[in-house]
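Please read the points below beside the coordinates.

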Amino acid sequence: MSVQRSGFSVLFIIFLFIAGLPAESLHAQQRIDSRSTSQKFTSLLQIISYYYVDTANAAKLTERAIEAMLKELDPHSVYLSKEEVKRANEPLQGNFDGVGIQFQLFHDTILVVAAVPGGPSDKLGILAGDKIITINGEDAFGKKVTNTYVMERLRGPKGTKVTVGIKRKGRKDLIEYVITRDKIPLNSVDATFMLNPEIGYIKLTRFARTSLQEVKESIAALKKQGMKNLILDLRNNSGGFLDIAIDLSDEFLPSDRLIVYTEGLRSPRMDFKATSRGGFEKGRLIVMVNESSASASEIVAGAVQDWDRGIVLGRRSFGKGLVQRPFNLPDSSVVRLTTARYYTPSGRSIQKPYEDGVEDYYADLTKRFRHGEFVSADSIRFPDSIKYFTPSKRVVYGGGGIMPDVFIPIDTTTSSRYYTDLWRKGLLNEYVIDYLDSRRGQLQAIYPNIASFKTGFLVDDAFLQQFVDFAADKGVPADEEGLSRSGNEIRHILKGLIARNLFDVSAYFEMISPIDHELMHAVEAMNNEMLFRKLSIAM
């Protein structure tokens, strides 16, 4: 069969699906007779069906052939089966059908971390710290319980019901709840809080259907708290919907400013411009990016940078500037085919090269790390041919990703083998769950809100030592050198995890912000008026 697959890889470089869509020769870019090509493919399947030595799965062979062909085009043209389409779309749609809990597996038991506010579990009174022991009358604990096991049983169509047996501390018997599944929101804003009396912070993790509204609500909430300047954190945001990226950029740019344009061989140029509806067109703006910020994140960062609207801070972004259009196939599978490139307002394509194949393309970040790019901006060399200019004549670069205005190296000074082992074995989170098991109600009474917890709760030496002893019992012995390097990090992470369990995920990021050295650099930059003037950035 390996010989057959190899033949398919060559054959399907010139074959465009079964649907008969037009294709380009890789070298001559000549139109191929799609009818004869599809007939050739059909004939081959018939030959295999009639004469192959063993039974052959024609559907599977077709899928593998399509996948092999698409790999020859570019790294982002992909085939998705019907099931994969559903899984891929869910994080971007902004909701799913289920019971509305955040959970994690703790000692082979389903632990409720939080009930989604307003969701079906929240309305029934299911609480953080509850343990789900039975689902529909069957035991739901032990080695069989995995994340997939839980989602398969708790998710389901809106309006359907599932019965769970809850073990709650202080109650002898299980509490039975019949939950009617409903639409559950998936938030794309992980954190919104004030870093100081004038600087607001928003962390956006994806560009989903609900992202624009979430950001608008976050900006409004921060303004009520006195925000004058904003840090938008797009680190590790791999992108999402193009139109949402355009609408989000519109929040920061004056009317009629070009945000991005797309263009391809058979896709005429389309310009997307800002309107007068921006919610934060005045005030200092910093956009944080790193090597995992891609696609839609780069559209926003590129537009902000090209119009001298704000400072882009961090490390060079991923470099994904290709636009995919979905094409439905007869069995409800989908091909996401690259149809255009997108360009920032200054005219730069930020798509990094991919001529050397998919594997080399995705190994690029490893190469950057080995080359020293994560620790030194001087290791990056841009040729003059990819220089572009902003309205203030500031130089910006194309050729692969958005190069930040202010480079921040990756920080390894607080890392240690001890700290890595604690994370690898999940002991920080496990300790917090054990700690809260008997103290949740007491802590909620003492700290009714995030502000009181932030100022009042202290991870002192005694608390840290209790954790170190706990970790030692779990197989990670105390390490004085590791504690010396990572102790402050561990204290903040523990406090952040407790805050997340008592309040929400935003509280976690607020508690760990003092040890986020990139974010602290962003705060310093925000307070540096001379830097804004030097870069000719609007204030």
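1. In this predicted model, the count of aromatic pairs comes to 20. One of them joins Phe-453 and Phe-457, whose centres are 4.8 Å apart with 15° between the planes; planes under 30 degrees apart count as stacked, and this pair is stacked. Phe-453 is buried, at 0% relative accessible area, and Phe-457 is buried as well, at 6%.

2. Phe-453 also pairs with Phe-503: the ring centres lie 5.9 Å apart and the planes meet at 65°, so the pair is edge-to-face. Phe-453 belongs to helix α15 (residues 450-456), while Phe-503 is in the loop between α17 and α18, so the pair ties together parts 50 residues apart in sequence. Phe-503 is partly exposed, with a relative accessible area of 23%.

3. Ring pairs link a cluster that includes Phe-453, Phe-457 and Phe-503, along with Tyr-431, Tyr-435, Tyr-447, Phe-463, Phe-467 and Phe-470.

4. Charged side chains also sit over rings. Arg-257 lies over the face of Trp-307, 4.6 Å from the ring centre. The charged end of Lys-352 is placed over the ring of Tyr-361, at 4.8 Å from its centre.

5. Helix α12 (residues 417-424) packs against helix α17 (residues 480-502) at about 40°, with the axes 8 Å apart; the two are therefore oblique to each other. From α12, the residues Tyr-418, Tyr-419, Leu-422 and Trp-423 meet Gly-482, Leu-483, Ser-486, Glu-489, Ile-490 and Ile-493 of α17. By class, this contact has seven nonpolar, two polar and one charged residues.

Definitions and conventions:
Residues numbered from 1 in each chain as written. Predicted model: local features only at pLDDT ≥ 70, side-chain atom pairs only at ≥ 80, totals over all residues. Heavy atoms only, no water. Axes fitted to C-alpha atoms, helices over the stretch in contact; angles between N-to-C directions. Helix = DSSP H or I, 4+ residues; strand = E, 2+ residues; numbered from the N terminus. Parallel < 35°, antiparallel > 145°, perpendicular 65-115°, else oblique. Contact = heavy atoms within 4.5 Å. Nonpolar A, V, L, I, M, F, W, Y, C, P; charged D, E, K, R; others polar. Phe/Tyr/Trp six-rings, centres within 6.5 Å; stacked < 30°, edge-to-face > 60°. Buried < 20%, exposed > 50% of the residue type's maximum accessible area, 1.4 Å probe, protein only. Lys NZ or Arg CZ within 6 Å of the ring centre and 35° of its normal.
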